[in-house]
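User: I am new to this structure and would like a close look at a single residue, followed by an account of the parts that surround it.

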Amino acid sequence: MTVSDPVIRLENIYTAYEGADRPTLADISLSIGKGEFVVIGGPNGAGKTTLLETINGMLPITHGTAVVCGQNVRGDGVHVRCRVGYLLQNFTFDPLTPFTVEEVVLMGRFGMIGLFRKPGREDYEAVEKALQLLGIQNIATRPIGQLSGGQQQKVLLAQNLARNPEVLLLDEPFSNLDMFARESINALLAQLVGSGITVVIVSHAFDDLPDRPVRVVVMHDGKISLDRECHPAEVGQVIRNAGSVPRDA
Ligand SMILES: Nc1ncnc2c1ncn2[C@@H]1O[C@H](COP(=O)(O)OP(=O)(O)O)[C@@H](O)[C@H]1O
Ligand SMILES: [Mg+2]
């Protein structure tokens, strides 16, 4: 799809993991506009996580042009990551992690605080707002390692939101969440997209998607096999029709 003034622009991108004998992403071109809601589908191993990490400047791009939030990803990944939130797939904290929920959310501000500045009022306000958005003020002083996987996912989302990102990349954020949490996070995502944040989400859960047009991008074997807009209720069908059978749905 063509997008004018994209916030994410990938052109003929090849990404290779170190030591791999062929590129994991091959000839990917994708433009995403401000405020778009994009669902990435496709089977395990298709390259969905690799695509998010490429956008975020975490993997070596061997060929092609990648510009995210006006920054060149090749060579300026740090600046890209200041403006992009990224929720990792299957990340959980060690039970002995010595930080509370509010400390973990405050860490989201470090990119903006700078290493040697003490957090100020603005930082604590951003933390408070993020805790509120996720409805987790009640666990703010609990040690992060002692929470459930779903609670930890919410905290990590709050950590990302505390940085006021322009783009939010979410890698299977619903995998540990129950139906109620999924509904409330989807409502939050709708709100974020409505406020102009671009959301790119890898997911196999298509219930309760925000009630707005959804851009569906399906990947197979390191390539984009489908890229179209559809109604939120059609997303599952569109991805299935593209030949993808989510094995871990
Ligand atoms: N760290 C890595 N080193 C080498 N190959 C990897 C690494 N991570 C993923 N891959 C390979 O890249 C391909 C795409 O993986 P991934 O992006 O994780 O797929 P998905 O998220 O769609 O399940 C797979 O073939 C996988 O084995
Ligand atoms: Mg993945």
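Is glutamine 152 buried or exposed, and what is its relative accessible area?

Analyst: Glutamine 152 is buried, with a relative accessible area of 3%, where buried stands for under 20% relative accessible area, exposed for over 50% and partly exposed for what lies in between, calculated with a 1.4 Å probe on the protein chains only. Before going further, please note that this is a predicted model, in which local features need a pLDDT of at least 70 and side-chain atom pairs count only at pLDDT 80 or more, while totals for chains, interfaces and linings use all residues. Residues are numbered from 1 along each chain as its sequence is written, chains are lettered from A and ligands numbered from 1 in the order in which they are written, and side-chain values rest on heavy atoms, with hydrogens and water left out.

Glutamine 152 has its place in helix α6; helices (DSSP runs of H or I, at least four residues) and strands (runs of E, at least two) are numbered from the N terminus. Once the neighbours within four places in sequence are left aside, glutamine 152 is in contact with Thr92, Phe93, Ile144, Gly145 and Leu147, contact being heavy atoms within 4.5 Å.

Helix α6 (149–161) also takes part in covering the buried residues of α7, where the cover includes β3 (37–41), α5 (121–134), β7 (167–171) and β8 (198–202) as well. Helix α7 itself (residues 179–194) has 16 residues that should span 22 Å at 1.5 Å a residue, and its end C-alpha atoms, 23 Å apart, agree with this; the expected span is 1.5 Å times one less than the number of residues. The buried residues of α7 are Ala181, Arg182, Ile185, Asn186, Leu188, Leu189, Leu192 and Val193. Seen down the axis of α7, these fall within an arc of 165°, so they line one face of the helix, the arc being that of the directions from the helix axis to the C-beta atoms.

One of the buried residues of α7, arginine 182, meets aspartate 207 in a salt bridge (3.9 Å, N to O), a term for a side-chain nitrogen of Lys or Arg within 4 Å of a carboxyl oxygen of Asp or Glu. Aspartate 207 lies in the loop between β8 and β9, whereas arginine 182 is in α7, so the pair ties together parts that are 25 residues apart in sequence. Aspartate 207 is partly exposed, at a relative accessible area of 48%.

A search of the whole structure finds 9 salt bridges. Among them is the one in which the side chains of glutamate 36 and arginine 215 meet at 3.0 Å, N to O. Here glutamate 36 sits in the loop between β2 (25–32) and β3, and arginine 215 in strand β9 (residues 214–220), so parts that are 179 residues apart in sequence are tied together. Both residues are buried, glutamate 36 at 14% relative accessibility and arginine 215 with a relative accessible area of 0%.

Another part of the cover over α7 is α5, which has 14 residues and reaches 20 Å from its first C-alpha to its last, close to the 20 Å expected at 1.5 Å a residue. In α5 the residues Asp123, Ala126, Val127, Ala130, Leu131 and Leu134 are buried, and they cover an arc of only 135° around the axis, which puts them on the same side of α5. The face turned away from this buried side carries the exposed residues Arg121, Glu122 and Lys129. Arginine 121, exposed with a relative accessible area of 68%, forms a salt bridge with glutamate 125, the closest N and O atoms being 3.2 Å apart. The two residues are 4 apart in helix α5 and hence separated by about one helical turn, and glutamate 125 counts as partly exposed at 44% relative accessibility. Just after α5, glycine 135 takes a positive phi of about 65°.
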